[in-house]
Amino acid sequence: MEKTPSYKELHQVKLQTVRQAISPECYTRSGARAISWYLFDLALYLGAVSGVFLFQNPLLKLVFGLLAGCAVAFMFVWAHDAAHGALFQSKRVAEILGTVFMLPSLNMYRLWSYGHNKVHHGFTSFSPIDWIWRPLTPAEYAAKSPLQRLVYRLERSPYTCALHYLLRVWWAGMVRFKPDPNLRERHMFTVGKLVTLVFFLGYSALAFHYAGGVLGVVAAVLLPFLVFNYFIALFVFLHHTHPDIPFFDQRNEWSNAIGQVYCSTIVRCSALSEILIHNIMIHIPHHVDNRIPFYHLKQAYVDLKREYGQYIHEYRFRFSTVFSIFKRCQLYDYENKMWYTFREAAVLHLKPMLQKAA
């Protein structure tokens, strides 16, 4: 098998140079196409929520709540593209529609955009700034309290990875986020929080009254929220975590081209899945230029693969592959660019202690 070229070859390549490989048609926006997908996602969500309200059987309520959670994830991807300016010329139209679509996930459009666009896209996989799914080193992990180590382990599990987004993005990055007093947008952040709170309280009251009390609130509001957190955490983990993908803590080792091309992934799914999740797993072209609408990502990927295919990490979505990535990518050595499992790190930590004792 041909060895994958080193990411260092991309260090001097400008991101604008990479973008030149993408054909101009990939930037064409269609408001009608964006609205059509908006209505499609909305219909899926309203259909699932209707099941929660209409059926009396508790099990059916929960099943429809799970389906609503899937629809919330699809809606969020659409809103994500709107927040990047990929769908509409008008920022106001994008914000109004995007805000509505983020409400069921209890995310705040303006707050989420602020962190995601500036931090994650600006410094992908440069861990001092882009803290999303930043792996701990074995020494950092060993220095944590037992509770902190437990939380980190749960975050790095394919079963409970939703905790990462819930605790570090939603709670710390939005709900508890306190902007710089000099930031012009800070008042809009407060408005976003209030709008989301009003939606949560109002929708919960509606579900309690018309969907069966506490179970109605769980099925209509809380379960979709948790399902969304799982989807978004899993998606973002797979977007930038792989045994062959490095993370960086030194600015001179990292560059935008490395972060966006080499440290992002292409995860191909079934045709139906890619339709429903709006091609979000075809992620490299989105990172190379987030102005590309989701319905053009496949073509942009073909263009990029033609010129930069040797730097692209691509694989087919299989549960066995996902589990192996979670199992391998647990702790990280930034200096040597090596992944460790928890077990390997424990041995690594104990070995110097045993040598010292001897």
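This is a predicted model: local features need pLDDT of at least 70, side-chain atom pairs count only at pLDDT 80 or more; totals for chains, interfaces and linings use all residues.
Me: OK, helices. At what angle do H3 and H5 cross?
Reply: Roughly 70°, with the axes of H3 (residues 58-83) and H5 (residues 109-120) coming within 10 Å. Helices here are DSSP runs of H or I with at least four residues, strands are E runs of at least two, and both are numbered from the N terminus. Axes are lines fitted to C-alpha atoms, for helices over the stretch in contact, and angles run from 0 to 180 degrees between N-to-C directions.

Me: So what do you call that arrangement?
Reply: H3 and H5 are roughly perpendicular to each other, a label for angles of 65 to 115 degrees.

Me: Which residues make the contact?
Reply: On H3, Phe 76, Ala 79, His 80, Ala 82 and Ala 83; on H5, Tyr 109, Trp 112, Ser 113, His 116 and Asn 117. Contact means heavy atoms within 4.5 Å.

Me: Switching to H8. Which of its residues are buried?
Reply: Ala 162, His 164, Tyr 165, Val 169, Trp 170 and Met 174. Buried means under 20% relative accessible area, exposed over 50%, and partly exposed in between, with a 1.4 Å probe and protein chains only.

Me: And what covers them?
Reply: The cover includes H3, H5, H7 (146-155), H9 (186-210) and H10 (214-240).

Me: Thr 196 next: where does it lie, and what does it touch?
Reply: Thr 196 lies in H9 and is buried, with a relative accessible area of 6%. Not counting residues up to four places away in sequence, Thr 196 touches Leu 103, Leu 106, Asn 107 and Met 108.

Me: How about His 242: buried or exposed?
Reply: Buried, at 15% relative accessible area. His 242 is found in the loop between H10 and H11 (256-262). Leaving aside neighbours within four places in sequence, its contacts are Tyr 315, Ile 325, Cys 329 and Trp 339.

Me: Last one: where is Tyr 332?
Reply: In strand E3 (residues 331-333), and at 1% relative accessibility Tyr 332 counts as buried.

Me: How far is Tyr 332 from Phe 247?
Reply: They're 85 residues apart in sequence and 8.1 Å apart in space, C-alpha to C-alpha.

Terms used
Residues are numbered from 1 along each chain as its sequence is written. Side-chain values use heavy atoms; hydrogens and water are left out. Angles under 35 degrees count as roughly parallel, over 145 as roughly antiparallel, 65 to 115 as roughly perpendicular and the rest as oblique.
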